[in-house]
Amino acid sequence: MVALVNEESKGLFAIVPTPFHDDGRLDLESTDRLVDFYLDEGVDGLTILGIMGEANKLSSEEQGIFLKRFLSRVNGRVPTIVGVSNPGLDNLAATASEAMACGAGGVMVAGTPNLKTDDQVYRYFTLVAEKLGPDVPICLQDYPQATGVHLSVSVINRLIADCPSIVTFKHEDCPGHAKLSALRRASDEGLVRRISILVGNGGLYVPQELRRGADGIMTGFAFPGMLAEVFRLFSSCKVEEAEDLFDLYLPVLRHEQQIGFGLALRKETLHRRGVLSSAKARDPGPKMNAQDHKELDELLARLIAKLKAAGAAIPSGF
């Protein structure tokens, strides 16, 4: 039974890196370990083939191979969102069709760089929704730092009202707290249908975003179990406990947020945790030098020491 995303999706949707061997080939054995690792960490959903997944560096054939292997391993246990953004609508629809046939729970779509006005944004996403049809759940991705496309509150609400297949919103505008509050206020006041809002930006602002009404988190932090637990604590009204746990990991989380370099750090940490056989990013991709490794050594050592002193759980692999 395939688990689909919907308007009530919540919790941690971990963004998954695509694993490679040292020579750049797809690593399917690590793909299996990745699935098992994230499920063991307590995620509520998964996201693949996005920016962090280096989807633009995969051939169509490789995307298909990875999709089938990953979704087969998940086997419907949690919903998996597949990034399908593409400048061509036919290509986008083909990838979405393949993903849903393999067991995806929905697709994520970002805007293309030529979208400059609200009307252009609205027209594009309504075309996407029409092309995909009513049975493909859509996660609308708002990430202007990467796409150059700005989604205003008014156009987001228009899309929610007019496109029933848009069930989830990936909020990654920054600064974006006021925008998040405005979106949630519109649904709370009954002005638009309420959909799920999942927040990104590496998880840097999770406590504040949860306070403002976010339904969950979608990011690729290499310690997903922490974010899953923070969400559960917030949901149980243990807000201060959630904040305290988040604070312990904040230096490592912040370190991962180096633009253009964070993927190397995340893959290296997952390699050290025994999940990835190689920390390889596809060329041209970020690479760590000796000083980078030393900095990560020090940050992880400090993290483990702080967790021990606080009596908190030690992550697997350490």
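A salt bridge is a side-chain nitrogen of Lys or Arg within 4 Å of a carboxyl oxygen of Asp or Glu. Glu54 and Lys57 meet that test, as their closest N and O atoms are 3.4 Å apart. The model here is predicted.

## Salt bridges

Side chains of opposite charge can pair when their charged atoms come close. A search of the whole structure finds 25 salt bridges. Three of them are set out below.

| Glu54 | Lys57 | 3.4 Å |

Take Glu54 and Lys57. Glu54 counts as buried, because its relative accessibility is 2% and buried means under 20%. Lys57 is partly exposed, at 25% relative accessibility.

Now look at Arg158 and Asp119. Arg158 lies in helix α6 (residues 153-162) and Asp119 in helix α4 (residues 118-132), so the pair ties together parts that are 39 residues apart in sequence. Arg158 is partly exposed, at 34% relative accessibility. Asp119 counts as exposed, at 54%.

Asp297 has a relative accessible area of 38%, so Asp297 is partly exposed. Arg272 is partly exposed too, with a relative accessible area of 27%.

Salt bridges can also share partners. In this way Asp32, Asp36, Arg69 and Arg73 are joined into one network.

## A negative patch

Glu240, Glu241, Asp244 and Asp247 gather on the surface in a patch of negative charge. Asp244 belongs to helix α10 (residues 239-256). Asp244 is partly exposed, with a relative accessibility of 47%.

## Cysteines

A disulfide is a covalent bond between the sulfur atoms of two cysteines. How many disulfides does a search of the whole structure find? The count is zero.

Distance shows why for two cysteines. The sulfur of Cys102 has its closest cysteine sulfur in Cys139, 19 Å away, which is too far for a bond. For Cys139, the closest cysteine sulfur is in Cys163, at 14 Å, again too far. The cut-off is 2.5 Å.

Is Cys139 buried or exposed? Cys139 is buried, with a relative accessible area of 0%. Cys102 is partly exposed, at 24%.

Conventions:
Residues numbered from 1 in each chain as written. Predicted model: local features only at pLDDT ≥ 70, side-chain atom pairs only at ≥ 80, totals over all residues. Heavy atoms only, no water. Patch = residues over 30% accessible without salt bridge, like charges linked within 9 Å, V, L, I, M, F, W, Y side chains within 5 Å. Areas by Shrake-Rupley, 256 points an atom, 1.4 Å probe, with all protein chains shown as cover. Lys, Arg positive; Asp, Glu negative; His and termini not counted. Charge placed at Lys NZ, Arg CZ, Asp CG, Glu CD. Helix = DSSP H or I, 4+ residues; strand = E, 2+ residues; numbered from the N terminus. Buried < 20%, exposed > 50% of the residue type's maximum accessible area, 1.4 Å probe, protein only.
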